[in-house]
Amino acid sequence: MDKDKIEINAKVLKNSDSKVRRKKFHKKGRDHYKIELSIDNKGEKTVKQVTYKLHPSFKKRKRVSNEGPGFPIEIWTWGTFMIDVEVE
């Protein structure tokens, strides 16, 4: 096993009634979905914080989590995009 192996997870969040959490930010806008991004530390590396760099369309593109385990953040999004992740 790679001692520094870290996996990135993304999951769509659901309400207490098991329905996908979604909403529109504008009357004629697209449905947005609440998702959680996190890491799964499969190796021996000690993680202190994770920085997620989101799509440039996000007003607050850089999000930092120092709450382990998993170092999760939650975001609203309507589509898919690449995410840069920096693990410290």
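Figure 1. You're looking at a predicted model, where local features need pLDDT of at least 70, side-chain atom pairs count only at pLDDT 80 or more, and totals for chains, interfaces and linings use all residues. Residues are numbered from 1 along each chain as its sequence is written, and side-chain values use heavy atoms, with hydrogens and water left out. The C-alpha atoms fill a box of roughly 50 × 30 × 20 Å along the principal axes. Of the 88 residues in the chain, 24% are buried (buried means under 20% relative accessible area, exposed over 50%, partly exposed in between, with a 1.4 Å probe and protein chains only).

**Figure 2. The chain has seven strands and zero helices.** Follow the sequence and you get the pattern β-β-β-β-β-β-β. Helices (H or I, at least four residues) and strands (E, at least two) are DSSP runs, numbered from the N terminus. Take the contacts between residues at least 6 apart in sequence: 57% of them join residues at least 24 apart (contact means heavy atoms within 4.5 Å).

**Figure 3. Three strands make an open sheet in the order 5-4-7, with antiparallel pairing.** At the edges sit strand 5 (62–65) and strand 7 (84–87), each pairing on one side only. From one strand to the next, the twist averages 15° (axes are lines fitted to C-alpha atoms, for helices over the stretch in contact, and angles run from 0 to 180 degrees between N-to-C directions). Two strands pair if DSSP finds at least two bridges between them. Strand 4 (residues 50–53) and strand 7 have four bridges in the antiparallel sense. Zoom in on T51 and you'll find its bridge partner in strand 7, E86.

**Figure 4. K53 and E86 form a salt bridge, with their closest N and O atoms 3.8 Å apart.** K53 lies in strand 4 and E86 in strand 7, so this pair ties together parts that are 33 residues apart in sequence. Both ends are partly exposed: K53 has 31% relative accessibility, and E86 has 36%. A salt bridge means a side-chain nitrogen of Lys or Arg within 4 Å of a carboxyl oxygen of Asp or Glu. The whole structure has five of them.

**Figure 5. K34 and E74 form another salt bridge, and here the closest N and O atoms are 3.5 Å apart.** K34 belongs to strand 3 (residues 31–41) and E74 to strand 6 (residues 73–77), so the pair links parts 40 residues apart in sequence. K34 is buried, at 13% relative accessibility, while E74 is partly exposed at 42%.

**Figure 6. R22 pairs with D31 in a salt bridge, at 3.8 Å between the closest N and O atoms.** R22 counts as exposed, with 52% relative accessibility. D31 is partly exposed, at 27%.

**Figure 7. E36 is buried yet has no salt bridge.** This residue lies in strand 3. The nearest side chain of opposite charge is K11, 4.0 Å away (Lys and Arg count as positive and Asp and Glu as negative; His and the chain ends are not counted). Leaving aside neighbours within four places in sequence, E36 is in contact with N9, A10, K11, L13, P72, I73 and E74.
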